[in-house]
Amino acid sequence: MIPAPAPPVPHRPAIDPYDGARSTAGGPILRAFSSATVLAAADVRTALALTRIAGGAPGPTAEAVALAVALAVRAVRLGHVYVDLATAATGVAVEDDVEVDLAALPWPEPAGWVAAVAASALTASGSEGPADRPLRLVGSHLYLDRYWRHERAIVDDLLARSTGPRPAVDAGVLQAGLAALFTVDDEGEGDRSPGADLQRVAAATAVLRRFTVVAGGPGTGKTTTVARILALLHQQAAALGQPPPHVALVAPTGKAAARLAEAVHAEAADLAVAAPVRDALLATEASTLHRLLGWQPGNRSRFRHDATNQLPHSVVIVDESSMVSLSMMAKLLAAVRASARLVLVGDPRQLASIEAGAVLGDIVGPATGGPLLSAAARTTLEGVVGGPVVADTPVGPAPVADGTVVLRRVHRYGGAIADLATAIERGDDDAVMAILRAGSAGPVRWIEPTGTLDPAHSSELAGVRRSVLVAARAVVAGKRKPSALTSRGRVRTRPDSGRRSHPG
């Protein structure tokens, strides 16, 4: 049973009828949530349109269903793929800078709310529900059905790639290539054994498997590893008497694709590889995802390449994968042949998608705490990297984890700066302050503030102020500097190209 709507929240200002961000439509529940800025007018109007199509008598139950629909629409608008009705009352956030007592809003009782949504003609429940409903309820998670289908398609595709037949590999050639391309320990925190180098492990994994994730923060060597993966794949093709790999280097935006190509070319110039392999890497171009899939200007949701017209490439490497939305990832996976190698590269904690979904972060998941490898995968890797690979064994089958490697050693900086960055990332306040206060003689310096400290005139802060101004001026100058990209192996970008590579 859905309880009767609670009385209006006291001391709440009335909705301005001319405020386009809020809505006066619907019953008291929807108006209360819109007034509190939890729901936008578009959320409310979409929910009312759907519930009107579904029919049914008006009342508290119908409005509770409409609230659930509006929250599901809102979730997608804010980058999430579902709303959890069981925890929505404590998990939502207002969008305006307004203090709102969320607990005072007329939230339906969770169990009855879920039951009412499940009984609605708008809803398909579970994975076996009908395919012609706009909503999908899985437990207490309410999806717009399209996003649930994208999520299931991605899961099924990645599991199939991770458990399917392995590509043919000459283990001896791979082992020799790894030894030549990775001559020092980059990741082992003092362990000099070859197997301790996570960049080497990532490259070996990408050769041995059809699906690989190379994740890591800034400066951990992701694009360096990409160049070496390509070199190893060219060596494998020559050893097995196969044609050179047909490679697609892609990224979500033109600028990201250009940076990827530049990084691969710069690394290729110094690799210890045969001239034909180096030439092949220098000739490898990059493009945006939309260009790879064949974006059609008259249609924002469909591409020339899909499940019925798949890409011809044998290797697809996607940089900045954290920016790829759920919908775009589903379209990409459908277009990549099952026999091709797919490598996703990126930082799951950076550059989130502007659309719904955090696919890279969901894939990496528990592996952020360290490698998770089945016994079979570890044995295979140790046979080619030439040393032990330290990893935890996942509880139960986790085939996607066997292809996931998170790089950890930051090559751009180290010491106290790296320790400080790690502590900040963990949210460890005590460790942050301990590192700051202990670093007075090193690259990290803590200036204890006093009550009379004037940032504009204090001699203690004069050096800090100079450093900040120098860095800021360099950023502004770099932003104003025109791009000098060339056409050989790189992407030509329009002056306005940037993070939004898709239409609109």
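1. A salt bridge is taken here as a side-chain nitrogen of Lys or Arg within 4 Å of a carboxyl oxygen of Asp or Glu. The model is a predicted one, in which local features need pLDDT of at least 70 and side-chain atom pairs count only at pLDDT 80 or more, while totals for chains, interfaces and linings use all residues. Residues are numbered from 1 along each chain as its sequence is written, and side-chain values use heavy atoms, with hydrogens and water left out.

2. The overall composition may be stated briefly. The chain contains 18 helices and 12 strands; these are DSSP runs numbered from the N terminus, helices being H or I of at least four residues and strands E of at least two. Of its 504 residues, 47% are buried. Buried means under 20% relative accessible area, exposed means over 50%, and partly exposed lies in between (1.4 Å probe, protein chains only).

3. The accessible surface of the chain is about 24,900 Å², and carbon and sulfur atoms account for 56% of it. Such areas come from the Shrake-Rupley method with a 1.4 Å probe, and for residues only the protein chains shown count as cover. With a contact defined as heavy atoms within 4.5 Å, 69% of the contacts between residues at least 6 apart in sequence join residues at least 24 apart.

4. Seven salt bridges are present in the structure. One of them joins Asp-145 to Arg-149, with 2.8 Å between the closest N and O atoms. Both residues belong to helix α6 (residues 145-163), where they stand four residues apart, about one turn of the helix. An α-helix has 3.6 residues a turn, so residues three or four places apart point the same way. Asp-145 is buried at 7% relative accessibility, whereas Arg-149 is partly exposed at 35%.

5. Which residue forms a salt bridge with Arg-161? The partner is Asp-157, and the closest N and O atoms are 2.5 Å apart. Arg-161 is buried, its relative accessible area being 5%. Elsewhere, salt bridges with shared partners connect Arg-136, Asp-145 and Arg-149 in one network.

6. A further salt bridge pairs Arg-133 with Asp-132, at 3.3 Å between the closest N and O atoms. Asp-132 is exposed, with 62% relative accessible area, and Arg-133 is partly exposed at 28%.

7. Three aromatic pairs occur in the structure. Rings of Phe, Tyr and Trp (its six-membered ring) are paired if their centres lie within 6.5 Å; planes under 30 degrees apart count as stacked, over 60 as edge-to-face and the rest as tilted. Tyr-82 and Tyr-143 make a tilted pair, with 5.2 Å from centre to centre and 50° between the planes. This pair links distant parts of the chain, 61 residues apart: Tyr-82 is in strand β1 (residues 82-84) and Tyr-143 in strand β4 (residues 141-144). Tyr-143 is buried at 5% relative accessibility, while Tyr-82 is partly exposed at 32%.

8. Phe-33, Trp-107 and Trp-113 are joined into a cluster by ring pairs. Val-44, which is placed in helix α2 (residues 41-54), is 11 residues from Phe-33 in sequence and 9.3 Å from it in space, C-alpha to C-alpha. Val-44 is buried, at 0% relative accessibility.

9. Two arginines lie over ring faces. A charge is assigned to a ring if NZ of Lys or CZ of Arg is within 6 Å of the ring centre and within 35 degrees of the ring normal. Arg-136 lies over the face of Trp-148 at 4.1 Å from the ring centre, and Arg-228 over that of Phe-182 at 4.8 Å.

10. Helix α3 (residues 60-77) has 18 residues and spans 25 Å from its first C-alpha to its last, close to the expected 26 Å. The expected span is 1.5 Å times one less than the number of residues. The helix is mostly covered, with 14 of its 18 residues buried.

11. Where does His-234 lie? His-234 is in helix α9 (residues 222-239) and is buried, at 13% relative accessibility. Not counting residues up to four places away in sequence, His-234 touches Pro-244, Pro-245, Val-277, Ala-280 and Leu-281.
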